[in-house]
Amino acid sequence: MHSAEEFRLGALRAYGILDTPREADFDEVVEVASAICGTPISVINLIDQGRQWFKAEVGLGVRETPLDSSICAHAILQPGLFIVPDTTQDRRFADNPLVTGDPHLRFYAGALLQTPEGYPLGTVCVLDYKPRNLDETQKAFLRLMANQVMKLLELRRVVAAEHSARLLAEEMVRQKETLMREGDHRLMNSLQLVQSILSLQSRSAATEDVKAQLDMAGNRVLAIATIHKQLHLTGSMEDVDVSDFLRRLCESLKQTAPAQIDAINLTAEPIVVPTDLASGLGLLVAELVTNSFKYAYLAGEHGNVAVDFKALGSGWRLQISDEGRGLPDDFDIDRSKGFGMQVVKAFVRRLNAKITVTSRPGRTVFEVICEQG
């Protein structure tokens, strides 16, 4: 259990005021207090563990003194204004070394510095070398000065709390980025490992059909890895510039394209979309472009693949086209049972879109339209 004094000290240190340099706002308080009260000494005094520390002082020439000789240590136990007209006549202070010896203090008046939570921190006090008292105006002024000092301290606490919150937020962002980088690294390694295993299996496949299936699976894993990498490179986990994202994706896909693919030509408006939409579009583009790599051009033929993305009102349109040999005459995308088309249709459903295809020799176009965005 914490003692009341531990809580008080914790409240004091929360202001971040101890052992700070002199500041004009606080110095002005003691200068004016000394002038108004007509005393040679005025102090903003804070009671720390084992010492009293002065944020500002006039007439003392020191910034702290031991707590065992402190008059203010008694003052913080009293509510409001604490006045000792003659220290030699008060048994609590008559044998105090500051009274019996230098500087022979005889008068003390201190207004309590108290937190909104009720913790006493110290005082704004005035002292004299002769017995005396304060009139009502001086007493009211001393209380006013204590209130002013607390406002300054509260402002400091707010600033310190905001600074701490900012540092905490920055640290949390750094930790999140570190975790994301580590997660990205591990995921990329895992995807590359799977792709490598599929590639090795493909080389030793028993039949061409098995080899083709393994190659297609490897391409899909590679496509997922590529999309993950390009989304990470955008630097945003909320919104993505679809033009920049698809450009990066097409550049990466071109690196994996067979020799007969001369180019992947992209036309895309610079539209900002949510990350989940960009991810879905990326998977769809990767699947359809990879499909063109495999089926559009016969051995020895060369050509291009085109990717076109455009906003349509509240929705969008995506077209993937090639200049290859075209699809079989009896191809029906709705009835197609091929794994690749099943994957494509799953992506289309995920995006709440519709897909159509038109094909003839020299021109095949897959068109995906989402009318509701």
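**Close-ups of a predicted model**

The chain has nine helices and 13 strands; helices (H or I, at least four residues) and strands (E, at least two) are DSSP runs, numbered from the N terminus. This is a predicted model, in which local features need pLDDT of at least 70 and side-chain atom pairs count only at pLDDT 80 or more, while totals for chains, interfaces and linings use all residues. Residues are numbered from 1 along each chain as its sequence is written, and side-chain values use heavy atoms, with hydrogens and water left out.

**View 1. The whole chain, for orientation.** Of the 373 residues, 43% count as buried (buried is under 20% relative accessible area, exposed over 50%, partly exposed in between, with a 1.4 Å probe and protein chains only). Take the contacts (heavy atoms within 4.5 Å) with a separation of 6 or more: 64% of them are between residues 24 or more positions apart.

**View 2. Helix α1 and what sits over it.** In α1 (residues 4–14), the buried residues are Arg 8, Leu 9, Ala 11 and Leu 12. Looking down the axis of α1, these buried residues fall within an arc of 155 degrees, so they line one face of the helix; the arc is that of the directions from the helix axis to the C-beta atoms. The cover over them includes β1 (41–48) and β6 (120–128). After α1 comes Gly 16, with a positive phi near 60 degrees.

**View 3. Two non-glycine residues with positive phi.** Asp 19 has a phi near 60 degrees, positive even though the residue is not a glycine. You'll find Asp 19 in the loop between α1 and α2 (24–37), and at 52% relative accessibility it counts as exposed. Asn 352, also not a glycine, has a positive phi of about 55 degrees. Its loop runs between α9 (339–350) and β12 (354–360), and Asn 352 counts as exposed at 63% relative accessibility.

**View 4. Thr 87, tucked into a loop.** Thr 87 lies between β4 (81–84) and α4 (97–100). Its relative accessibility is 0%, so Thr 87 counts as buried. Leaving aside neighbours within four places in sequence, Thr 87 is in contact with Ile 71, Phe 93, Ala 94, Val 99, Leu 105, Arg 106 and Phe 107.

**View 5. A cis peptide bond at Pro 103.** The bond from Asp 102 to Pro 103 is cis, with omega near 10 degrees. Pro 103 belongs to the loop between α4 and β5 (107–114).

**View 6. Asp 308 and its partner Arg 317.** Asp 308 is in strand β10 (residues 303–312) and, at 18% relative accessibility, counts as buried. Its side chain makes a polar contact of 2.9 Å with that of Arg 317 (a pair of N or O atoms within 3.5 Å; within protein, one must be able to donate a hydrogen and the other to accept it, and residues adjacent in sequence count only if both atoms are side-chain atoms). Not counting residues up to four places away in sequence, Asp 308 touches Thr 267, Arg 317, Leu 318 and Gln 319.

**View 7. The one cavity.** A search of the whole structure turns up one cavity of 30 Å³ or more. On a 1 Å grid over the protein atoms alone, a cavity is a set of points where a 1.4 Å probe fits but cannot get out, and lining residues have an atom within 4 Å of a point. Grid points are joined across faces, edges and corners, and a volume is the space filled by probe spheres set on the points. The largest cavity holds about 70 Å³ of space. Its lining consists of Asn 291, Ser 292, Tyr 295, Ala 296, Asp 322, Gly 326, Leu 327, Thr 364 and Phe 366. The largest share of that lining, three residues, comes from α8.

Methods. On a 1 Å grid over the protein atoms alone, a cavity is a set of points where a 1.4 Å probe fits but cannot get out, and a pocket is an open set with protein on both sides within 12 Å along at least five of seven lines; lining residues have an atom within 4 Å of a point.
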